[in-house]
Amino acid sequence: MRKLIPAVGLLALTGCEIPSEFLQRMEVQSKYEYYETSEFWADGRAMRTPPEGTIPREAKVGNPGMTSGRVNGALVATIPVQVDKALLQLGQKKYSIVCAQCHGTLGDGNSIVAENMGLRLPPSLLELSDRPAGHFYTAINEGYGVMPSFSGELDTQERWAVVAYVRALQAARGTRAGGENLPQENR
Ligand code: HEC
């Protein structure tokens, strides 16, 4: 198919007519239209009822703000999914794959990419600990300034996992073994 696409482009440029069976196959193939009858199904309807529990793609699922990072337009303050060790481990993995090359392994903005970027440098995420959780989620989900969205690389759970890991990096900043801000069992 890949090889055919340039050929089709050429045909279009030269004004040749593209055989309709080549491009229009889906339009002319036999298929059911809305509300048509069907002998295949016992109830005679071509349109099927979606399986129980099906929800529209656009439906809001989970806790408020989980899919968008906002509730009534305002950024969510805290992470709306359960933060546990498994989530942090997922976040660490995804952060190191998707974010670290720019924002640095520690989140401090020190990276090879940053050193060689001219336009606008990836900022240190450690300076942003006062920003609400939704700020990080929406940056990942929608993009931020020149940074593109990474919603194609990370699903909803993975995005929050990365946010949770960024929070962990922020909390770990400047912490020494025995540090007061560590939970008692980790000192
Ligand atoms: C290709 C490099 C690159 C990658 C990869 C990248 N970022 Fe960014 N990020 C940037 C740059 C550059 C900016 C600043 C954009 C601007 O100000 O226009 C930025 C901005 C941000 C901001 C907003 C900072 C602020 O000032 O409020 C957040 C949050 C952020 N990135 C998080 C992430 C997370 C989380 C990931 C991984 C999912 C990620 N970024 C991946 C380059 C990158």
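Student: Which pocket is the space taken by the ligand?

Tutor: The space taken by the ligand is the largest pocket. A pocket is an open set of points on a 1 Å grid over the protein atoms alone, where a 1.4 Å probe fits, with protein on both sides within 12 Å along at least five of seven lines. A molecule sits in a pocket if more than half of its atoms lie within 2 Å of its grid points. The elements that give two or more residues to the shell around the ligand are α4 and α6, and the largest share, 5 residues, comes from α4. Helices are DSSP runs of H or I with at least four residues, and strands are runs of E with at least two, numbered from the N terminus.

The model is predicted: local features need pLDDT of at least 70, side-chain atom pairs count only at pLDDT 80 or more, and totals for chains, interfaces and linings use all residues. Residues are numbered from 1 along each chain as its sequence is written, and side-chain values use heavy atoms, with hydrogens and water left out.

Student: What makes the site of the iron atom of the ligand octahedral?

Tutor: The iron atom has 6 donor atoms, with angles of 85 to 179° among them. Donors are N, O and S atoms within 2.8 Å of the metal (3.2 Å for Na, K and Ca). Six donors count as octahedral if opposite donors are over 155 degrees apart and all others between 65 and 115; the site is therefore called octahedral.

Student: Which residues coordinate the iron atom of the ligand?

Tutor: His-103 (NE2) and Met-147 (SD) do, at 2.0 Å. His-103 is in helix α4 (residues 85-103) and Met-147 in the loop between α6 (133-142) and α7 (156-172), 44 residues apart.

Student: Why do His-103 and Met-147 fall in the classes they do?

Tutor: Buried means under 20% relative accessible area, exposed over 50%, and partly exposed in between (1.4 Å probe, protein chains only). His-103 has 10% relative accessibility, so His-103 counts as buried. Met-147 has 23%, so Met-147 counts as partly exposed.

Student: Why is Ser-38 called buried?

Tutor: Ser-38 has 5% relative accessibility, so Ser-38 counts as buried. Ser-38 is found in the loop between α3 (25-28) and β1 (70-71).

Student: How do you know that the side chain of Ser-38 makes a polar contact with the side chain of Tyr-32?

Tutor: The distance is 3.2 Å. A polar contact is a pair of N or O atoms within 3.5 Å; within protein, one must be able to donate a hydrogen and the other to accept it, and residues adjacent in sequence count only if both atoms are side-chain atoms.

Notes
Tetrahedral: all angles 85-135°; square planar, octahedral: opposite > 155°, others 65-115°. 1 Å grid on protein atoms, 1.4 Å probe; cavity = no way out; pocket = protein on both sides within 12 Å on 5 of 7 lines; lining within 4 Å.
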